[in-house]
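Subject: A structure for you to explore

Hello,

Here is the structure I promised to pass on. Have it open beside this email while you read, and take your time with each part.

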Amino acid sequence: MRARKEGEKIGITIKEIAALAGVSRGTVDRVLHNRPGVSQENIDKVNKIIKEYDFKPNFIAKALAVKQKDKKIGIILNCVGNSFFDDVLKGIYAAEKELSNFGTEIELIKLKGYVSDEQIRAIDDLVKKNIDGLIISPINNEIIKNKLESLDMPVITCNMDIDIKNKVDYVGCDYNISGKIAGAVLNMYAFGKKLNVGIVHGSKNIKGHIERYEAFKEVAGLCENVNIIDHFYTEDDSVTAYEKTAEMLKQNDIDFIYVVASGIEGVMEAISKSGKKIYAITNDVLPVTVKYLEDDIIKATIYQHPFKQGYNAVSEMVNYICGGNINSSNYEINLEIITRYNIPIKN
C-alpha cells in the first residue's frame, strides 16, 4: 500500500481499507454491502477507516464494468465415483445454460476422494485461467483453508463447507440437522426392542460428515435400546464401503446400518450377500437408494436436493460478481425424509 501524507483522506481503495483494518478484501466488501458473516469488531474497524477517509464506493460504475466482460466461474467438486454429485452437476449445467446469454462460462474440475494436494493443484489450475470466482466442495483442513484465504476472489462452498474469511456463502444442507433426523428415525424403529447399530462413515476431512455423525450419535444415544457397536471411514468409496461393511457384519450382530455419506452401493451389496435381515438409513435419492427403499431394506433416506445445490451455487456467484446482494442460502436446502411411500419422481 502506498504511503499517505498526514491528513490525506482521498482516493483510498478497498484493498487499502482491508490492509489498514487487517482484514480481507472480501470482508470489506461484505461490510459495504451489509452482508452477514463479519464480526462486530471487524465491522467497527472497517467503518472507522471508511469514515476517516470519507470513502464513497461507486457501486453503479462497478456493476457496469463487471457486466461489460464475461464472467468465468471456477468449480471444483470431489465427485468422481460419487453418484450424489450427478444431480449437483445437472444443477450447475442448468444454471450455466440459463446464464450463458449474460456471458457466464464454467470451468469445472472433477476430483476423486479427498486429497489436499490434488485440490490445491486444481485451485492453481483455475486461477491460471483467470476465473472471477470459485465454487468448491472443500476438504476441511488448514492447508486448504490457507490456500482459499490467499485467493483474491470470492469463494462459495457447495455441499461441503469450511470456515474462511473470503467465503461469501455456503450452499448446502444443515448436516447437523440431517444427522439428528436420521437419529430420530432410528429411535422410532428401536421402540420396544434392542437395536445394534453400525455406522458407515464418510471422511474425517469433511466438516459436514463429522457434524452429521456426531449429531446422529447424540440423538440415537438418547434411546436406551440403541447400541452403537462399530463405525469406520470409507472416504465415500463404494469398494471400501463393501469390504469394511462385509467385515463388520461377519464380526458383529448388526440390526441397522447408518450410512453417513456415500458408498451406499457397497453397503447394500454387503447387506445383500450377508443373507441377514439388516436395515439401513441413508442420505439422498439415488438409483441405489430407490431400489432398496422399494425392497424395504433402506427404511428412510434423507433427501438434500442436490440439483438445487448446484444451481443455487452458480446463480449466487454470478449475482455476487455482478454486484448484487447475497440472499444467504445457508441451510435453505430443505431436508426431506423419504420412505418407500413417498419416493420423488425425478426427470
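Searching the whole of this predicted model turns up 11 salt bridges. Let's look at some of them.

Start in helix α5 (residues 85-99), where Lys90 and Asp87 sit 3 residues apart, about one helical turn. Their side chains meet in a salt bridge, at 3.6 Å from N to O. Why can such residues face each other? An α-helix has 3.6 residues a turn, so residues three or four places apart point the same way. Asp87 counts as buried because its relative accessibility is 11%, under the 20% limit, whereas Lys90, at 45%, counts as partly exposed.

Lys112 and Asp237 form a salt bridge at 3.5 Å, N to O. Lys112 belongs to the loop between β2 and α6, and Asp237 to the loop between β7 (226-233) and α10 (238-251), so this pair ties together parts that are 125 residues apart in sequence. There is also a network of salt bridges, which links Asp296, Lys299 and Arg340.

Next, the sheet. In which order do its strands lie? The order is β2-β1-β3-β4-β5, an open sheet of 5 strands with parallel pairing. Because β2 (104-110) and β5 (167-171) stand at the edges with a single partner strand each, one side of each has no neighbour in the sheet. On average, neighbouring strands are turned by 20° against each other, direction ignored. Helix α6 (residues 116-128) packs on the sheet and touches β1 (71-77), β2 and β3 (133-136).

Take a closer look at β3. Gly133 is the bridge partner of Ile73, and Ile136 has Thr157 in β4 as its bridge partner. From β3 the chain crosses through helix α7 (residues 142-149) to β4, a right-handed β-α-β crossover.

Finally, find helix α13 (residues 306-321): its 16 residues reach 23 Å from first C-alpha to last, close to the 22 Å expected. Just after α13, Gly323 takes a positive phi of about 90°.

Happy exploring!

Key:
Residues numbered from 1 in each chain as written. Predicted model: local features only at pLDDT ≥ 70, side-chain atom pairs only at ≥ 80, totals over all residues. Heavy atoms only, no water. Helix = DSSP H or I, 4+ residues; strand = E, 2+ residues; numbered from the N terminus. Expected span 1.5 Å × (residues − 1). Pairing = 2+ DSSP bridges. Axes fitted to C-alpha atoms, helices over the stretch in contact; angles between N-to-C directions. Contact = heavy atoms within 4.5 Å. Right-handed = clockwise from strand over helix to strand, strands pointing away. Salt bridge = Lys/Arg side-chain N within 4 Å of Asp/Glu carboxyl O. Buried < 20%, exposed > 50% of the residue type's maximum accessible area, 1.4 Å probe, protein only.
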